[in-house]
Amino acid sequence: MCSAIGLFLGDFQTAIYFGLFVQLIWLGNLPVGASITPEGNLASAIGCVLYVQFNESYIAFGQLLLLIVFFYTIIVSYFGGQLDVAMRKFNIRLFNYTISSINDQKKANVGKIAFLALLLQYSVLFIFILLTIHAGNLLFSNISDFFSEEYTPLWQYTNVAIVGVGVGMVMSVYKGRDLKKIILAVSIFGLILFKII
Amino acid sequence: MRRYLTYIKIFLRSFFVQSGWNYKSMLSIGFCFALLPVAKKLYKNDIVKYNQFVRRHLGFFNAHPYFTAYALGAITRLEEDVARNKGSEVQVERFKNALIGPFGALGDQIFWATVKPATFTLGVLAFLLVESFSARLTFLMLLGILYNLPHLYVRIFGMLQGYQQGFSICKHLKIDNFKFIKKTYLIVGILSICLVVGYIGTFWVGNDLFAMLVFVSSIIVSVYLKSKKAKTYLAMLLPLLIAIIVGLIKSRI
């Protein structure tokens with residue numbers, strides 16, 4: 001999604017840089033069954049729009065933009081997850097309505113119900129995207145006033161930490177002690193390989 | 001020809017199987033929506049039987065969305081048998097309930113825990129290794145193919161096999177039958193993530209001990225917190241806090 005945003009906003013490379021590394025952190029959250037997971041994809045896309053939009057105005061502050069957009073993305077992912085829960089609860093009403101219309105001997109209209117559920121979900125998400133991008137715009141166009149360029153060393157390792165979290169999240173997906181040993185061994189091999197190259 | 005059109009409609013509708021997802025009956029609205037072409041074919045002029053069909057498939061159902069194709073194929077076959085008085089509705093419902101466990105477990109293991117991380121980490125590796133716009137765009141398309149090959153295989157052949165085998169599809173639902181996909185993507189995923197570690201360790205971290213500390217601690221902290229089933233958000237935010245503290249220490253030295 002971030003690559004499409006990059007193409008649309010005219011900065012593919014920046015969008016894909018943000019998108020790939022930030023989306024890496026959501027891979028450890030498996031949407032198994034009815035589990036509630038953060039809405040990572042949507043949040044990354046919103047974060048990506050803001051990152052591309054403000055990238056040039058924050059150049060003097062080093063990685064400050066990456067840090068605050070990353071925080072913002074995590075907050076948005078939480079609310080996105082809660083929105084999913086609310087939609088799933090609302091869909092119970094649609095389900096109950098379908099069942100009651102069958103019980104009343106009317107012809108079941110599951111097609112319309114499925115379409116309505118999709119339409120509602122996309123409408124709510126669309127409003128959510130607009131609101132969070134607007135809130136982000138307000139926040140990021142004013143927040144730089146509170147920071148000075150002399151603080152830049154504080155967030156110099158933001159990108160390294162984000163990639164580290166992403167790698168950790170992916171590694172947590174691979175279960176088993178043997179697999180962990182293999183990962184460690186191949187990582188050391190990778191390190192040596194790139195040092196030699 | 002009309003018969004095949006029905007199956008094509010079911011296949012296309014299977015992409016919307018998650019519409020109407022709810023906590024009471026999970027996938028049932030989407031699943032029933034996908035099966036409607038069969039109901040229309042079998043009970044077009046019989047509202048009572050049509051409603052009975054819909055009611056049957058609005059019962060609790062949950063599975064991995066891609067693996068639902070197997071259930072759709074098998075249920076289509078069984079419903080056709082029921083309409084020809086070759087089976088009973090109770091058997092169909094029992095069979096559907098029996099599929100929930102294997103479908104969820106297989107799909108989550110193969111797609112969410114293997115194919116998706118492998119494709120994505122390969123994308124990160126490609127992003128790090130190639131710099132030109134056209135090369136990155138090409139890689140992006142290749143990744144799309146890499147992810148969608150097993151995805152569409154499961155959807156298309158799943159539906160066909162489900163229809164051909166009916167009740168016997170249960171025998172096919174073993175991880176051994178998907179060993180090739182799982183092993184291949186596991187190797188790709190592990191190699192990619194390890195090479196990403198190698199690349200970051202060499203070119204981003206280099207000889208900076210502070211950066212090394214941030215990188216290694218971020219990996220350890222996130223893996224540890226995730227394994228302890230701690231809040232995901234803590235696993236994401238704590239390494240950032242460590243990075244800021246390390247940055248502060250470095251700026252003071």
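A: Contact here means heavy atoms within 4.5 Å. On that basis, 80 residues of chain A are in contact with 83 residues of chain B. This is a predicted model, in which local features need pLDDT of at least 70 and side-chain atom pairs count only at pLDDT 80 or more, while totals for chains, interfaces and linings use all residues. Residues are numbered from 1 along each chain as its sequence is written, and side-chain values use heavy atoms, with hydrogens and water left out.

Q: How much area do chain A and chain B bury between them?
A: About 7200 Å², with 79% of it on carbon and sulfur atoms; buried area is the accessible area (1.4 Å probe) that two parts lose on being put together, summed over both.

Q: Which element gives the most to the side of chain A that touches chain B?
A: That is α4(A), which gives 17 residues, helices being DSSP runs (H or I) of at least four residues, numbered from the N terminus.

Q: And how many salt bridges are there between chain A and chain B?
A: The count is zero, where a salt bridge needs a side-chain nitrogen of Lys or Arg within 4 Å of a carboxyl oxygen of Asp or Glu.

Q: Which helix gives the most to it?
A: α6(B) does, with five residues, and I156(B) is placed in that helix.

Notes: Chains are lettered from A and ligands numbered from 1 in the order in which they are written. Helices (H or I, at least four residues) and strands (E, at least two) are DSSP runs, numbered from the N terminus.
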